[in-house]
Amino acid sequence: MLGWEFPPFISGGLGTACYGLTRAMDQLGMEVMFVLPKMVESEYATHVKLLTPDSRTSASFVKFNELKNVKFHAISSPLQPYSTPDTYQQRIEETLRHKQEILGGSISSASQLFISKDYSSDMYTEVHRYAAMAAELAENQQFDIVHAHDWMTYPAGIAVSAISRRPLVVHVHSTEFDRSGEHVNQMIYDIEREGMHRADKVITVSHFTRNIIIGRYGVSGDKVEVVYNGVERSGKWSSDETVIDKDEKIVLFLGRITMQKGPEYFLHAAKKVLELMDNVKFVMAGSGDLMHRAIEMAAELGIGHKVLFTGFLRGEDVQKIYKMADLYVMPSVSEPFGIAPLEALDNDVPVIISKQSGVSEVLVHALKVDFWDVDEIANKVIAVLKYPPLQMTLRSHGNFEVRRLRWKDAAARCGKIYEEMLVPV
Amino acid sequence: MPSVCFYFQVHQPLRLRHYTVFDKNDQYFDDNKNRSICRKVANKCYLPTNRLLLEMIRRFDGRFKIAYSVTGLLLEQLERYSPEVMSTFDALAETGCVEFLAETYYHSLSFLYSRNEFAEQINKHVEAIDYFFGQKPKIFRNTELIYNNDLAGLIESMGCFDAIITEGADHILGYRSPNFVYQPKGCNHLKLLLKNYSLSDDIAFRFSNRDWPQWPLTADKFARWVSNVNGNGNVVNLFMDYETFGEHQWEDTGIFDFMRHLPEEVLRHPDNDFKTPSEVIQSYGSADTVDVPHIISWADTERDLSAWLGNAMQSSAIHELYRIEKKIKNTKDEKIIGDWRKLQTSDHFYYMCTKYFADGDVHKYFNPYDSPYDSYINFMNVLDHLHKRCSGEMDEGAFCPAPGKGPPELLSGPASGIQNLPDLQPVE
């Protein structure tokens with residue numbers, strides 16, 4: 001299995017998904033060898049073994065306490081799924097032109113642009129270096145299937161599959177159209193397209209994404225399968241905690257603050273809500289290339305004092321923010337799946353989700369909106385805050401519903417797809 | 001000698017339009033949607049079925065009889081959108097073989113929340129039936145066949161009804177059969193007619209089900225089942241939604257052919273006949289007393305109220321609705337009172353049901369909303385606005401009709417003249 005992030009070094013849903021999937025596969029007795037561009041040493045990796053091709057002799061085998069079937073290979077590389085400010089700050093000049101296109105020239109100076117959105121050109125080199133190393137590593141390993149997660153691992157997948165003559169599965173967690181709208185990066189699109197076409201099977205996380213794969217990438221429908229993500233139950237019960245009796249309601253946005261996640265719709269809806277209600281705060285938890293712009297926008301809308309930005313949250317902080325929230329809103333413009341709403345429900349927070357998301361295919365007990373319909377988002381936010389029975393019903397049914405979405409089922413679905421591929425036709 | 005007693009429930013709610021918290025006018029109902037649904041159902045069900053049954057009544061020269069309960073809300077809509085249906089009902093009424101029953105004008109759950117409102121709505125419905133069909137209903141049926149001993153006592157005390165209709169639920173009957181006339185516990189003269197749910201549902205629900213071992217159901221087969229009651233019952237009460245014909249069971253299932261042949265097949269056996277509910281209670285004495293301390297209904301397998309009041313949203317919505325009754329009535333504004341009453345229709349609460357939501361069954365089929373949550377939000381937004389109207393705390397820019405200037409509501413009080421029925425005038 002070729003991936004590129006794994007908890008706790010995650011910046012989005014991909015790492016969470018890879019963790020959940022491999023863990024469930026492990027529990028089902030499937031042997032997984034996980035190749036990563038980055039070293040993982042943490043409590044999360046207890047069920048996997050780490051290896052890097054660079055340091056075959058000194059490969060860091062993390063002891064696995066509970067689980068045995070997943071091996072971990074890490075290739076040292078700065079490769080990361082969603083570029084972070086510090087890593088690629090030096091590339092600002094290159095990306096500035098692109099940014100101005102997206103933001104309609106609202107950014108005037110390079111100094112303001114401290115977060116880079118685009119994958120730098122250097123990252124393509126990284127993608128191919130990763131591919132070369134993974135291929136080299138594959139020569140000495142035994143496996144039946146090559147399973148690559150998202151575009152950065154597709155070249156590696158193609159290479160490993162060719163060397164080993166094993167069938168290739170590419171797993172699409174998101175596409176360039178989700179991340180960039182119509183401003184697609186041609187290079188990434190080409191890599192994605194090649195991966196999908198060279199693959200023997202394409203797995204998508206929703207029918208929403210399956211349609212994009214068929215419609216935008218010209219992949220034949222019969223080789224595209226849908227495997228929904230699951231959610232890792234936190235298993236933490238907060239019954240003994242004192243309920244915070246706060247005067248203010250909290251509406252939460254949690255995710256990368258990028259075009260894909262629709263932060264501006266969240267803010268416009270917030271503005272509408274605040275026209276009718278006063279005791280509400282809107283929390284935007286996450287970072288991303290539009291964060292600066294979002295802060296400005298909140299101020300322009302005159303609701304700056306009602307919108308809090310927390311930056312990127314991890315682990316316990318995420319739990320904490322869920323505990324405080326009365327409602328979670330995901331106004332994504334294009335969301336292949338969206339694990340976060342499931343986590344919110346798991347934490348007893350009712351959710352409003354965009355209809356333009358994969359998760360809306362699997363959730364019944366959620367409020368659904370078109371991301372652009374800020375009136376309707378505001379209407380629903382107000383209803384949830386105003387009517388406790390609504391919040392209660394959403395929460396209890398939603399929490400129950402989430403328990404049925406298990407990684408085990410996703411892993412079993414993958415297993416079945418593998419089996420079908422391995423049967424000689 | 002079993003008598004077959006058909007009673008058809010005929011009802012369509014007034015569906016709300018999409019109403020957000022930002023809306024500030026008092027146009028709550030979706031006229032377009034209500035019109036198109038009314039016309040669609042009229043064409044698929046009401047018109048063809050009325051014509052068919054009229055033909056049957058004429059062919060059998062008074063030996064084929066049926067009963068209807070048509071809600072006031074539907075009468076208003078038919079007048080507006082499908083007057084031709086009204087004339088076929090009128091023709092049916094004139095045959096003398098058709099009985100019209102009484103219920104709450106607004107198909108409401110008011111019995112559970114306001115006895116005053118309940119009685120007012122029944123009176124309003126009785127007057128409407130008298131006005132349209134020249135009959136004073138003698139039989140009462142409550143919304144969704146909701147029933148208990150209290151209801152029977154209340155109806156008896158109103159003094160104008162001979163019998164009440166409800167579900168022949170197993171748990172109230174025990175070993176007894178629904179095929180007799182019964183008496184409610186605590187009543188002196190009021191009779192009870194119980195639905196034979198097994199034979200009723202064979203037509204209403206199972207008719208087109210190919211997995212059912214008895215499929216296809218033919219008229220002669222069904223007539224045989226009816227005749228089997230001979231010796232073990234006086235009456236077979238077949239109570240169902242009228243929309244069974246052509247709407248729930250589509251025409252191509254053969255439901256109309258089934259009904260076309262049923263009278264003939266039932267009457268083939270010399271001991272069988274058709275009776276209206278009033279004729280049934282005149283012909284047969286009560287076999288026993290039935291005690292129903294807890295509320296029953298004809299819904300789902302539970303036969304209880306959970307389809308309307310099963311979750312927190314439903315119960316909060318309905319409590320809020322009846323909580324403001326006094327305020328509403330104190331306004332003496334017919335438009336406000338009328339809107340409030342239209343919100344009482346049980347369908348609004350049915351749409352909020354989460355019970356089978358995930359399974360996509362019958363609840364979803366009749367639901368104009370994408371989810372029960374959307375229906376609750378919409379309903380509460382409307383109710384909130386209505387509440388503001390009667391408190392006079394209108395936001396600026398809102399349409400605020402002067403009290404008393406609104407059009408008088410149909411039959412809203414005993415004094416209101418039948419001739420002033422603006423609600424019933426066709427708008428197009």
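**Figure 1. Chain B at a glance.** Chain B holds 18 helices and ten strands. The model shown here, and in every view that follows, is predicted. Chain B has 428 residues, and buried ones make up 49% of them.

Figure 2. Domain 1 of chain B brings 26 residues to the contact between them, and domain 2 of chain B brings 22 residues. On the domain 1 side, the residues that touch domain 2 fall into eleven nonpolar, eight polar and seven charged.

**Figure 3. Helices α1 and α3 of chain B, side by side.** Helix α1 of chain B covers residues 31-59, and helix α3 of chain B covers residues 83-94. The two pack at an angle of about 25°, with their axes 10 Å apart. Angles under 35 degrees count as roughly parallel, so α1(B) is roughly parallel to α3(B). The crossing of α1(B) past α3(B) is left-handed. From α1(B), the residues at the contact are A42(B), Y46(B), L47(B), N50(B), R51(B), L53(B) and L54(B). They meet E84(B), V85(B), T88(B), F89(B), A91(B) and L92(B) of α3(B). By class, this contact has nine nonpolar, two polar and two charged residues.

**Figure 4. Helices α13 and α18 of chain B.** Here the view moves to helix α13 (residues 312-323) and helix α18 (residues 372-391) of chain B. Their axes come within 11 Å and cross at roughly 15°. With the limit for roughly parallel set at under 35 degrees, α13(B) and α18(B) are therefore roughly parallel to each other. Their crossing is left-handed. M313(B), A317(B), E320(B) and L321(B) are the contact residues of α13(B). Facing them in α18(B) are Y376(B), F379(B), M380(B) and L383(B). The contact counts seven nonpolar residues, no polar ones and one charged residue.

Figure 5. E264(B) sits in helix α10 of chain B, which runs over residues 255-268. E264(B) has 15 other C-beta atoms within 10 Å. A residue is buried at 20 or more such atoms and exposed at 12 or fewer, so E264(B) is partly exposed. F64(B) is also in view. E264(B) and F64(B) are 200 residues apart along the chain, yet their C-alpha atoms are separated by 9.1 Å.

**Figure 6. A close-up of S283(B).** Helix α11 of chain B spans residues 277-283 and includes S283(B). S283(B) counts as partly exposed because it has 14 C-beta neighbours inside 10 Å. Leaving aside residues up to four places away in sequence, S283(B) touches S3(B) and K275(B). N43(B) is 240 residues from S283(B) in sequence, and the two C-alpha atoms are 36 Å apart in space.

Figure 7. Chain A has 16 helices and twelve strands. Its residues number 425, and 54% of them count as buried. Among chain A contacts between residues at least 6 apart in sequence, 68% link residues at least 24 apart.

**Figure 8. Where chain A meets chain B.** The contact between the chains draws 17 residues from chain A and 15 residues from chain B. On the chain A side, β12 (367-369), α14 (374-386) and α15 (388-402) each supply at least two residues. The side of chain A that touches chain B consists of ten nonpolar, three polar and four charged residues.

Key
Residues are numbered from 1 along each chain as its sequence is written. Chains are lettered from A and ligands numbered from 1 in the order in which they are written. This is a predicted model: local features need pLDDT of at least 70, side-chain atom pairs count only at pLDDT 80 or more; totals for chains, interfaces and linings use all residues. Two residues are in contact if their C-beta atoms, placed from the backbone, lie within 7 Å. Helices (H or I, at least four residues) and strands (E, at least two) are DSSP runs, numbered from the N terminus. Ala, Val, Leu, Ile, Met, Phe, Trp, Tyr, Cys and Pro count as nonpolar, Asp, Glu, Lys and Arg as charged, and the others, Gly among them, as polar. Axes are lines fitted to C-alpha atoms, for helices over the stretch in contact, and angles run from 0 to 180 degrees between N-to-C directions. Angles under 35 degrees count as roughly parallel, over 145 as roughly antiparallel, 65 to 115 as roughly perpendicular and the rest as oblique. A crossing is left-handed if the near helix is turned anticlockwise from the far one by less than a right angle, and right-handed if clockwise.
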